[in-house]
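Have it open while you read, and tell me where you disagree.

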Amino acid sequence: LLQPGKVPATSSTYPVANCSVVPRFSSSIKIIDIATGRKRKLEASFSGGISTLAFTPCGRFLAASSSRTRELLVFDARADAGSDAPVFVLPVRGILTGLDTRTSANKDTIQVLGVFEDAGACYFELDANYNKDDSTGANSVRVETSIMSKLPIIAGHLGNTGNRDASGAVVAIGAKSSPVFKYVDLSAKQREIVLHESNIKADSDVHVNGSANGHSEGALFAPEVLGPHEMGGKKRPVVGAEVEEETNGQAQQKQSKKSKTSGDSMIVASADKGEQSLQDRLESLSASLAKLEEAESAEAGSSSKVGAAPTSDSLVTLIDQALQSGDDGLLEQCLACADADVVEATARRLPTSRVVMFLRKLVAKFEKRPSRGVLLTQWLSSLLRHHTAYLVTVPDLAHQLAGLSQMLEQRLASYSKLSALAGRLDLLMSQVNYRSNSVGGAGDALASAGRGMQTIAPMQVYQEE
Amino acid sequence: MSSHDSSFGSRGQIFAQLSSDSRLHLWDVASKKAVKSYVDKNHLTHSFTCYSWSASSKENQGLLAVGFSDGVVVIWDLSRGVVAKTIGTAKESETPTDIVFSKDGKSVFVSTDRNEIAQYSVETGGVLQSLKTGKKGVQKMALNPKVDVLAAAR
């Protein structure tokens, strides 16, 4: 623990509140009163733009850092502070990109956690009751801890998850697409804490996605809820399998199952061959796809003779069952029916209690893969048409179908413009027809008049002699 | 806690990260799982410039405002998973540089490269007031949690 009044060996100097050096101002910090608009300018002694700015939770101090100078400034932000100069100037070893502050329970210590641009972080505990008149160069820095890490630290948060009062900090480490969250205990007040790569990896192996053997990339996969415009990481690997379901609309269950399993085995295979080059992977992928297509065409040939066309009776029952049990596979099978008459009849016969649920399922599927729009909009439109009377009576319909409305608006945004353009083009085309006809001769002009075109007589005709 | 493109929520339970293609990814810190990701419809044409969390509670995950380079501020309601409000119209000249939620979370302060900070109502999207700043605009803002005072810096 550093005693107040002593300068830590790692830090060069701590200029004090009544510092007489006037630095070059290229960044400026102002404190603006929201009610009155009155401004107070602080002396920000660094060059380059500001990179971080944060008040302490007690509202008394303001911490700031620049995008060029390796310093962290802490100002007294109170209106009656007396001085506009920083009360703490803390040299840091990098450019700060993130900042978090906290005030201790008895309000005599402020804690600052800064995250560096490249890697690592720093942590300070500062005495809130600093001595303004202390000119010996040491405003009380009680603790200075450097957090070292080979992997970049993306962000930090003082306190533990859901517990702001914990003595440590939670940091997000590693790649931005798959961060690993680690709790760093700062209570020991060490000078330096080193976050080892192996610890982080081991940690992530246990917890990411809740599976014991998940690797760190798994963090991106399988979001629990998919709302409007949300993207799930898991859908990409099974594209091949589902597209196939879509194209072979009325294919047998066996076939879709087979295609799914073969799709899955493809992914596993590619994951196992993590060491292969891209070319090898592509080759193996294309080979397996070719096999898949062969099998598919063979089965399609045999099944086309045997496959019985579904009727609306069976589909209504199946959809009802699928919705009741939440069986997505069964629902997919039902949706694969592309026969317009069957879709219409099914939508008409569907029990009203299932309509909203079915609509929501359809919207979710549409959002997941907009390329299936042709099939799904058929279902959506017939459902909406046949059950309008019921739907208007549902109390919180607007909330439940917000996604659908947003999706439709988004898709129809360009429709009016396109139809206007189509109108203009039609007009132009008819003009072109008319002109070509009128050039052709009077007989043609008469003919065009006969087709509903009006002949326009020129007001004057100049003829060269 | 704020960083250029990633930060923890006010209770440290959620971690948000804006990827370079302007997608918003949310992680549940306790379970270390990706919870949700949001994609704005203009995410490929306009990049994000700034974002801000509103205070959250246990039940309510709060709001997250994201400023885009076309001058629009999109406010996501994280509990409902929908866009709560879109503030401003697409004006390329007035790119938001920073966003700060008011203490009650009912309004946002948006700074631009121009010489003023505008306060918008989250509910209506209308301008409540505008504060004059220096000629060179504002890059970063911070709201004092105790007093109605805003720190603006460039």
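1. A word on terms before anything else: buried stands for under 20% relative accessible area, exposed for over 50%, and partly exposed for what lies in between (1.4 Å probe, protein chains only). This is a predicted model, in which local features need pLDDT of at least 70 and side-chain atom pairs count only at pLDDT 80 or more, while totals for chains, interfaces and linings use all residues. Residues are numbered from 1 along each chain as its sequence is written, chains are lettered from A and ligands numbered from 1 in the order in which they are written, and side-chain values use heavy atoms, with hydrogens and water left out.

2. The two chains, briefly. Chain A comes to 14 helices and 14 strands, whereas chain B has zero helices and 14 strands. Helices (H or I, at least four residues) and strands (E, at least two) are DSSP runs, numbered from the N terminus. Of the 465 residues of chain A, 41% count as buried; for the 154 residues of chain B the figure is 59%. Taking contacts (heavy atoms within 4.5 Å) between residues at least 6 apart in sequence, 50% of those in chain A join residues at least 24 apart, and in chain B 34% do.

3. What does the interface amount to? Chain A puts 61 residues into the contact and chain B 58 residues. Together they bury about 4,700 Å², with 60% of it on carbon and sulfur atoms. Buried area here is the accessible area (1.4 Å probe) that two parts lose on being put together, summed over both. A:Ile32, A:Ile34 and A:Phe181 supply 16% of what chain A buries against chain B, more than any other three residues.

4. Now the polar side of that interface. The rule finds zero salt bridges between chain A and chain B, a salt bridge being a side-chain nitrogen of Lys or Arg within 4 Å of a carboxyl oxygen of Asp or Glu. Six residue pairs are in polar contact, both residues at pLDDT 80 or more. Polar contact is a pair of N or O atoms within 3.5 Å; within protein, one must be able to donate a hydrogen and the other to accept it, and residues adjacent in sequence count only if both atoms are side-chain atoms.

5. Have a look at strand 1 of chain A. Five bridges join this strand to strand 14 (residues 149-153) of chain B, and the two run antiparallel. Strands pair if DSSP finds at least two bridges between them. A:Lys30 stands opposite B:Ala152 here.

6. Strand 3 of chain A is mostly covered, with six of its six residues buried. Five bridges join strand 3 to strand 4 (residues 61-66) of chain A, again antiparallel, and A:Leu53 has A:Ala64 as its bridge partner. The hairpin has five residues between the strands, and A:Gly59 takes a positive phi near 80°.

7. Most residues other than glycine have a negative phi. A:Lys107 is found in the loop between strand 7 and strand 8 (109-116) of chain A and counts as exposed at 51% relative accessibility.

8. Buried or exposed: which is A:Ser382? A:Ser382 is buried, at 0% relative accessibility, and is found in helix 9 (residues 373-386) of chain A. Its side chain reaches the backbone oxygen of A:Gln378 at 2.8 Å.

9. A:Arg354 and A:Asp320 meet in one at 2.5 Å, N to O. A:Arg354 lies in helix 8 (residues 352-368) and A:Asp320 in helix 5 (residues 312-325) of chain A, so the pair ties together parts that are 34 residues apart in sequence. A:Arg354 is buried at 16%, while A:Asp320 is partly exposed at 23%. In chain B, B:Lys103 and B:Asp148 meet at 3.5 Å, N to O. Elsewhere, A:Asp328, A:Glu332, A:Lys365 and A:Arg372 are linked in a network of salt bridges.
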